[in-house]
Amino acid sequence: MRRVLQATICVMVVWFGLFELGGFLAYKGEAAREQDIVQASAAGSSAVFYEAKPLLAKQTSYENKVIQESGKADPAAAAPNPDSKGKGAAPIDPNQKILYLTFDDGPSKNTVQVLDILKKEGITATFFVLGEHVLQQPKIAKRIIEEGHSIGNHSFNHKYEKLYGSFAEFADQVMKTDEAIYRTTGVRTTLFRAPGGTYTNFDQSYFDAMAAAGYQVHDWNVDSGDSKRVGVPASEILSAIKSSKLANTLNVLLHDSAGHAESVKALPEIIKYYKSKGYSFAKITDQIEPIQFRVAKQLKWSRALATQPEKAKLVQFSEKLDQSSKLAQAEKNAPSLILHRGQESLTLGAKDYILRDGSIEVSLLKLTKWIYGSVEFDMDHGAIEGYIDGNRVLALPSPANQSTARQADEIVVPVRSTLQKFGMEITKYIYNDRQREIWMTEQT
């Protein structure tokens, strides 16, 4: 049985970094690569194979315009740890009074109320979230970012015995939570807060491993006391705030998870109090010097130090996630790609094409529709075929376990090789950070 697909405009799936929860990045491209375009032998008839032929060796600069084709901690311990500095940390003006409101353990329904209050007050804050809660409340996690706040990693499930029993488990939770945050919000964060704080939980090897992987570990110097027992009343929370020492830079610990409705109730008065003291409110960024507790002489936990392979695994994960985030941001800001054929043009938005290994890849259906061809899906053999004037010019296998016509819409193909099979050749192209255009003509 063979079904003809209507070559309607589709959105190419470009997923930089296909994450698997468990702390590992697979980075599998959803688009078909040129070397994956092979003969569909199961179809039982002659199919077309074409070689990988990159269009570009690399992206050019704009100057090269046209190219021709040929928890709890000891408050006394709240002092910066000189061995664990923030990446690119910017010093604070000693005369400026700045306050960072931070909320741990969300997102939850209480986070919605916190966000409403912050919006009304016109201030920003920082939310150290649990990975499992991000997956449960994705809309709230997205709202945190949409309204201009910072988001940070607070482990996946907050279970102390797992986090501090071994660095391997700790690192795994860091990676799982980063994956959840990035997949949900599109934000790559390097901010981290240890459940219970670092004092008596972190040894120096934890600090060193996190710093090597590019994370900034933030403790606090004002504890609101809202988590010392269940149901701490708002009046007691406010009293703890007002009895805390003042300094030019304050990092205030609060909680917005389920069970902290009293923290939400106290928040407007907390903001009012600090405004009366002349503080400006800001969110934490990766340029802010962290407030960290000193390393305790005696830990709560009996465990081995973080090993070099464990540290290296976290570093590798972090570097790959950084790369994925940068590539995604670059593609998001990329100019449209315009294809020219005589007097006709096809404009593809930044999400509709990708540069991979020197080859520009676009939606097979969009390209085929533009040149008045058709795409057919052989449901008996799982093959996707392209036709021009009734003649089959290419055939490629359906991706593994994807044997429906709907999923065929997600197939992308290399521009140069595909156009050649469609009887066209590229005569000129411009590809830089401001302009991306390709001119083609029919082969003679």
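Here are some exercises on the structure above, each with a worked solution.

This is a predicted model, in which local features need pLDDT of at least 70 and side-chain atom pairs count only at pLDDT 80 or more, while totals for chains, interfaces and linings use all residues. Residues are numbered from 1 along each chain as its sequence is written, and side-chain values use heavy atoms, with hydrogens and water left out.

**Exercise 1. The whole chain**

Find how many helices and strands the chain has, and what share of its residues counts as buried.

Solution. Start with the secondary structure: there are 12 helices and 22 strands. Here helices (H or I, at least four residues) and strands (E, at least two) are DSSP runs, numbered from the N terminus. Next, take burial: 51% of the 444 residues count as buried, where buried means under 20% relative accessible area, exposed over 50% and partly exposed in between (1.4 Å probe, protein chains only).

**Exercise 2. Helices α1 and α3**

Describe how α1 and α3 cross, and say which residues make the contact.

Solution. Two packed helices are described by the angle between their axes and the distance between the axes. Step one: the axes of α1 (residues 109–121) and α3 (residues 138–146) come within 10 Å and cross at roughly 20°. Axes are lines fitted to C-alpha atoms, for helices over the stretch in contact, and angles run from 0 to 180 degrees between N-to-C directions. Step two: α1 and α3 are therefore roughly parallel to each other, since angles under 35 degrees count as roughly parallel, over 145 as roughly antiparallel, 65 to 115 as roughly perpendicular and the rest as oblique. Step three: from α1 come Lys 109, Thr 111, Val 112, Leu 115 and Asp 116, and from α3 come Ile 140, Arg 143 and Ile 144. Contact means heavy atoms within 4.5 Å. Step four: sorted by class, this contact of α1 with α3 has four nonpolar, one polar and three charged residues. Ala, Val, Leu, Ile, Met, Phe, Trp, Tyr, Cys and Pro count as nonpolar, Asp, Glu, Lys and Arg as charged, and the others, Gly among them, as polar.

**Exercise 3. Helices α5 and α9**

Work out how the axes of α5 and α9 cross, and divide the residues of their contact by class.

Solution. The axes of α5 (residues 167–185) and α9 (residues 308–332) come within 10 Å and cross at roughly 10°. The two helices are therefore roughly parallel to each other. Residues of α5 including Phe 167, Val 174 and Tyr 182 meet residues of α9 including Leu 314, Phe 317 and Ala 328. The contact of α5 with α9 divides into 10 nonpolar, two polar and five charged residues.

**Exercise 4. Helix α6**

Which residues of α6 are buried, and against which elements do they pack?

Solution. In α6 (residues 204–212), the buried residues are Ser 205, Tyr 206, Phe 207, Ala 209 and Met 210. They pack against α4 (160–163), α5, β8 (191–192), β9 (216–217) and α9. Just after α6, Gly 214 takes a positive phi of about 90°.
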